[in-house]
Amino acid sequence: MNSKIAALLMSEKIDLPIMGSPKYQYVTSTHSGLTYYFSGKTAQVNGVIETQGILGNDLSVAQGIESARICAINLLAQIEKDLGLENVNQILKVTGFVASSSTFFDQPTVINAASELFVKILGDSGKHARSAIGVAALPGNSPVEIELILESKELG
């Protein structure tokens, strides 16, 4: 990781977690040419989803925002492991899933926490297209799951 990205992570008080292998039969990322597809990350910290539930029922918008930030940190850690953050040319698309009651409509507010973090850490390379989708439930009762697609720089 280059020193600029490391300094930005430090200024945000982010220590990227060490990412393990998937529990089920999938891989953390795939790529075709320079396009990388990263599997969804939930709001796990040290392997545990500490804040669980449904926004609009059990959880507040603030709890959803914090969960989205955790998902983004986990994605940054996975990108660092699989590709290297310094090799990101552009995040192309972020898809955020928010476990929501039928009367909760602030999915964009929740997922924006991840979008803001990507831009803070990666600058213009972190700007992306995005969808914020409400769903009935997510793995492990996580309130948020986020996946992304990015374009890498030419390597080697």
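Just after H1, lysine 13 takes a positive phi of about 60°. At the start of H1, which spans residues 3-11, a side-chain oxygen of asparagine 2 comes to within 3.1 Å of the backbone nitrogen of lysine 4. Helices are DSSP runs of H or I with at least four residues, strands are runs of E with at least two, and both are numbered from the N terminus.

This is a predicted model, in which local features need pLDDT of at least 70 and side-chain atom pairs count only at pLDDT 80 or more, while totals for chains, interfaces and linings use all residues. Residues are numbered from 1 along each chain as its sequence is written, and side-chain values use heavy atoms, with hydrogens and water left out.

## The largest pocket

The largest pocket has a volume of about 780 Å³, and of its 27 lining residues, Met19, Lys41, Thr42, Gln44 and Gly47 lie nearest its centre. A pocket is an open set of points on a 1 Å grid over the protein atoms alone, where a 1.4 Å probe fits, with protein on both sides within 12 Å along at least five of seven lines; lining residues have an atom within 4 Å of a point.

Strand S2 (35-42) and helix H2 (61-82) each supply at least two lining residues, with the largest share, five residues, coming from H2.

## The second largest pocket

The second largest pocket, with a volume of about 170 Å³, is lined by 14 residues, of which Asn2, Ile5, Ile121, Leu122 and Ser125 lie nearest its centre. H1 and helix H3 (107-122) are the elements that give two or more residues to this lining, and H3 provides the largest share, four residues.

Note on methods: Polar contact = N/O pair within 3.5 Å; in protein donor to acceptor, adjacent residues only side chain to side chain. Points joined across faces, edges and corners; volume = space filled by probe spheres on them.
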